[in-house]
Amino acid sequence: MRAEYSAGREVPAQGSVFAYGAAAGLLADRLFGDPRRGHPVAAFGRAAGAVERVLWRDHRGWGALHAVVCAGGTAGAATLVARGVRDRGAVSVALTAAVTWTVLGGTSLGREARAVGGALAAGDVEVARERLPRLCGRDPEALDEGQIARAVVESVAENTSDAVVGALVWGALGGVPGLVAFRAVNTLDAMVGHRSPRLLRFGWASARLDDVAGWPGARLTAVLAAVAGGAPARALEAVRRDAGRHPSPNAGPVEAAFAGALGVRLGGTLAYGGRVEHRPVLNGGGRPVEVADIERAVRLSRRVGVLALGVCVGGRLLAGHLLGRRGR
């Protein structure tokens, strides 16, 4: 591992630390999925819920305070831990690997998607409806087989960005604190960033912060999905034409890219959180989603994750090299 020098001390190069640690973390996610017990993200969720019960007011300012306390406090703690082991190369790599494994969710995403797809393939729509809420917040009772399959593909696309690529991007930018901060922001959005009467104002800050944090990862996901999907021109055209019509600034590019790459049509009417939404159609020239497309979406998601690791590691190493040359 190449070393840097600071005030007469040999310090492990942080680009190399991220490269080894992120690769090991992604491998751990592929082999084991999410930690089955004592998941740190679940612990963060419980703590954030406790803070919410204390701070909740029907006011944006109190919601912003909630986001600062929860996400800022967690990122600050991660910064202290990372700095404490910065001079110890093997420990720093191990910490990066453990945190990367914790914040990534690509394998669990694929497992849940395949479970729904398996139930649909077996003709058991009721089981598929029971499992769908583990992937997304759609109302499964109103969905038929094709609509469930479409919901799964859309969820795989969006969560490829949220659960894999976005985390790697922020890990490349900020190391362990970046990884932790991104997952904290993403979790807060899932908890309070809803347009329900109780959370419309309180969750506003968390939802907007998640939009900002997810912006670079969503764009990288869209590009990589186009590259890895076998139909780059079609995917990029779907992004150019349709992404801006989606109500989410980050889900739009990702879902449009997956739709174009897979040759399917996404979007349309859906029931979400007790309300009906009529979303624009993405890649309108594609065919309706079929059950077999779930497996194709999962495989595309996995390829995108590997490519994202390569891009993020390469970018971090290149940035370190350029900054090192400037400092000479």
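Q: What makes the charged end of R57 count as sitting over the ring of W62?
A: In this predicted model, the charged end of R57 is 4.5 Å from the centre of the W62 ring. The distance cut-off is within 6 Å of the ring centre, so R57 counts as sitting over the ring of W62.

Q: Why is R60 said to lie over the face of W204?
A: R60 is at 4.3 Å from the ring centre of W204. The limit is within 6 Å, so R60 counts as lying over that face.

Q: Why is the largest cavity called a cavity?
A: The term is used for a set of points where a 1.4 Å probe fits but cannot get out. The search of the whole structure finds 1 cavity of 30 Å³ or more, and the largest has a volume of about 110 Å³.

Q: Which residues lie nearest the centre of the largest cavity, and which elements give two or more residues to its lining?
A: R30, G106, T107, S301 and R302 lie nearest its centre, out of 13 lining residues. The elements are α1 (14–32), α5 (106–121), α7 (145–192) and α11 (292–326).

Q: What makes the second largest pocket a pocket?
A: A pocket is an open set of points, with protein on both sides within 12 Å along at least five of seven lines. This one has a volume of about 540 Å³. Among its 28 lining residues, Q14, G15, R86, G175 and R316 are the closest to its centre.

Q: Which element gives the most to the lining of the second largest pocket?
A: α11 does, with 7 residues. The lining divides into 12 nonpolar, 11 polar and 5 charged residues.

Definitions and conventions:
Residues are numbered from 1 along each chain as its sequence is written. This is a predicted model: local features need pLDDT of at least 70, side-chain atom pairs count only at pLDDT 80 or more; totals for chains, interfaces and linings use all residues. Side-chain values use heavy atoms; hydrogens and water are left out. On a 1 Å grid over the protein atoms alone, a cavity is a set of points where a 1.4 Å probe fits but cannot get out, and a pocket is an open set with protein on both sides within 12 Å along at least five of seven lines; lining residues have an atom within 4 Å of a point. Grid points are joined across faces, edges and corners, and a volume is the space filled by probe spheres set on the points. Helices (H or I, at least four residues) and strands (E, at least two) are DSSP runs, numbered from the N terminus. A charge sits over a ring if NZ of Lys or CZ of Arg is within 6 Å of the ring centre and within 35 degrees of the ring normal. Ala, Val, Leu, Ile, Met, Phe, Trp, Tyr, Cys and Pro count as nonpolar, Asp, Glu, Lys and Arg as charged, and the others, Gly among them, as polar.
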